[in-house]
Amino acid sequence: VLNSIPLVMKRELITGLRDRLQDVSRALNSEAASAECVGAGGLPQPVTVDAWPVDPAECLRVLMVVLLPPLKRGKLDSRTSAEALRLLSCIVEAAHSDDLRFFDAFNNFWEHWPAAGDAGSRRQLAVIYAALISHHLKRLPA
Amino acid sequence: MKVVVYCDTFRHVTRFAREFSGEANREFYYLVARRRNESMLTFTARQLVHAAYAIIVDRNIALCRLWKTGRLITCLGPLDAPESIDTVRRLAPDVGLHSSGVIYRKSLIAVSGMGILNAHIGLLPEFRGRSVFEWSYLYGRPIGVTVFFVDEGIDTGRRLVSFFPVKKFTGRVFADAKKQMFALAPALYRQALNCIQENQKCDENDVSMGKRYYVMSSLFLQAVERAFAQGPDTAANGSDDL
């Protein structure tokens, strides 16, 4: 599917992804620095996906139809944001694929995830997201 | 052929009435219903604003003519309310046209003759759901409008009437191009009605051949907008139609 993306579009996607990777890296660095200040450095534990043997397409639907709208309105409570992170973890593998809908879910959630909210969950999202962006940056020019 | 157009506002009515004026062999009725969870006050205010806009800005007096001839029908309840269904049943249309921004219930589809047509700004069955114009453009796939009969799902209706490729846009602003796609709906419905009256066979919307898409992120959307700004045809290289 990536092969069907026109060159001009790939170029613009790469530009956008590079900028985004810088933003995410900056966020990670600043959060790491603040975590060191309080003596709680190190990466958070990754979410285990073994307990969620669900269809990635259904996870994507729930994320985009059920969880994204309240997130956009700033009304995602901590329990629901934990649920969103779990579902995002379920689609990580699919988000590495040519099907850019899954990767774009991460784009959407990053864009609306509250910067002032739970720092742990934002950092967790940033770690996964940065790896995903790097992955797609390597694949897009092909 | 009797056609009922399900409209969200009086302004939609005037847009369609303009396109369909002078149609000798088809009778068009326009049904405007209150949105679910919308108060009567909001509904009335919204329609008055749209009517004023249609008459003053668009200089379109079709509303008055339609009202006088009984072709403009206002339902005070939502489209799927029993009284709205009864109104449509009494009209006994051959086909319905979608311009109302709701997902239709089975009860309304059942009383709409052959069904309700929707103009979807993407190629079906490949692109279902939201932001399909953006996703089609990103993937370099054919750009255009698919007219199909709806069911209760999201772009899952089985009968596809036709895909109308769109070859040219005015300007290089992607949001404007999207508006131009939506504005094509009345003209494409007319063409679809011609296909139906000529007994053209419907293609099957095999949902297993496509995917449901969701609202596109700002990151991807901005990439699409920048690519489009460099010339609408530069990115859309996936089809011979373009």
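Visitor: Which residues are buried in helix 1 of chain B?

Guide: Please keep in mind that this is a predicted model. In the present case, helix 1 of chain B covers residues 10-20, and its buried residues are Phe10(B), Val13(B), Thr14(B), Phe16(B), Ala17(B) and Phe20(B). Just after this helix, Gly22(B) has a positive phi of about 85 degrees.

Visitor: Which residues touch the most other members of the largest nonpolar core?

Guide: That core holds 102 residues, and the ones touching the most other members are Phe109(A), Tyr30(B), Leu117(B) and Leu138(B). Helix 1 of chain A, residues 7-37, gives the most to this core, with 8 residues. There is also a second, separate core of 20 residues, which includes Leu31(B), Cys75(B), Tyr104(B) and Val150(B).

Visitor: With which residues is Tyr30(B) in contact, leaving aside its neighbours within four places in sequence?

Guide: Tyr30(B) is in contact with Val13(B), Phe16(B), Ala17(B) and Phe20(B), among others.

Visitor: Let us turn to charged residues. What is the general idea behind a salt bridge?

Guide: Side chains of opposite charge can pair when their charged atoms come close. In this structure there are 20 salt bridges over all chains. One of them joins Arg89(B) to Asp86(B), with the closest N and O atoms 2.8 Å apart. Both residues belong to helix 4 of chain B, residues 82-91, and they stand 3 residues apart, about one turn of the helix.

Visitor: Are Arg89(B) and Asp86(B) buried, exposed or in between?

Guide: Buried means under 20% relative accessible area and exposed means over 50%. Arg89(B) has 48% relative accessibility, so it counts as partly exposed. Asp86(B), at 34%, likewise counts as partly exposed.

Visitor: Which parts of chain B does the salt bridge between Asp8(B) and Arg46(B) tie together?

Guide: The closest N and O atoms of Asp8(B) and Arg46(B) are 3.4 Å apart. Asp8(B) lies in the loop between strand 1 (2-7) and helix 1 of chain B, while Arg46(B) lies in helix 2 (residues 40-57), so the pair ties together parts that are 38 residues apart in sequence. Asp8(B) counts as buried at 10% relative accessibility, and Arg46(B) is buried with a relative accessible area of 13%. Salt bridges that share partners join Asp8(B), Arg35(B), Glu38(B) and Arg46(B) into one network.

Visitor: Where is Arg26(B) found, and which residues does its side chain meet in polar contacts?

Guide: Arg26(B) is in the loop between helix 1 and strand 2 (27-33) of chain B. At 6% relative accessibility, Arg26(B) counts as buried. Its side chain makes a polar contact of 2.5 Å with the side chain of Asn194(B) and another of 2.7 Å with the side chain of Gln197(B). Not counting residues up to four places away in sequence, Arg26(B) touches Met1(B), Arg190(B) and Leu193(B) as well as Asn194(B) and Gln197(B).

Visitor: How many residues of chain B are in contact with chain A?

Guide: There are 23 residues of chain B in contact with 30 residues of chain A. Together the two chains bury about 2,200 Å², and 64% of this is on carbon and sulfur atoms. Tyr139(B), Tyr214(B) and Leu219(B) supply 32% of the area that chain B buries against chain A, more than any other three residues.

Visitor: How many salt bridges and polar contacts does the rule find across this interface?

Guide: The rule finds 2 salt bridges across the interface. Asp99(A) forms a salt bridge with Lys211(B), the closest N and O atoms being 3.4 Å apart. Asp99(A) also has a salt bridge with Arg101(A), where the closest N and O atoms are 2.8 Å apart. Both Asp99(A), at 10% relative accessibility, and Arg101(A), at 9%, count as buried. As for polar contacts, 11 residue pairs are found across the interface of chain B and chain A.

Notes:
Residues are numbered from 1 along each chain as its sequence is written. Chains are lettered from A and ligands numbered from 1 in the order in which they are written. This is a predicted model: local features need pLDDT of at least 70, side-chain atom pairs count only at pLDDT 80 or more; totals for chains, interfaces and linings use all residues. Side-chain values use heavy atoms; hydrogens and water are left out. Buried means under 20% relative accessible area, exposed over 50%, partly exposed in between (1.4 Å probe, protein chains only). Helices (H or I, at least four residues) and strands (E, at least two) are DSSP runs, numbered from the N terminus. A nonpolar core is a set of buried Ala, Val, Leu, Ile, Met, Phe, Trp, Tyr and Cys residues joined through side-chain atoms within 4.5 Å. Contact means heavy atoms within 4.5 Å. Buried area is the accessible area (1.4 Å probe) that two parts lose on being put together, summed over both. A salt bridge is a side-chain nitrogen of Lys or Arg within 4 Å of a carboxyl oxygen of Asp or Glu. A polar contact is a pair of N or O atoms within 3.5 Å; within protein, one must be able to donate a hydrogen and the other to accept it, and residues adjacent in sequence count only if both atoms are side-chain atoms.
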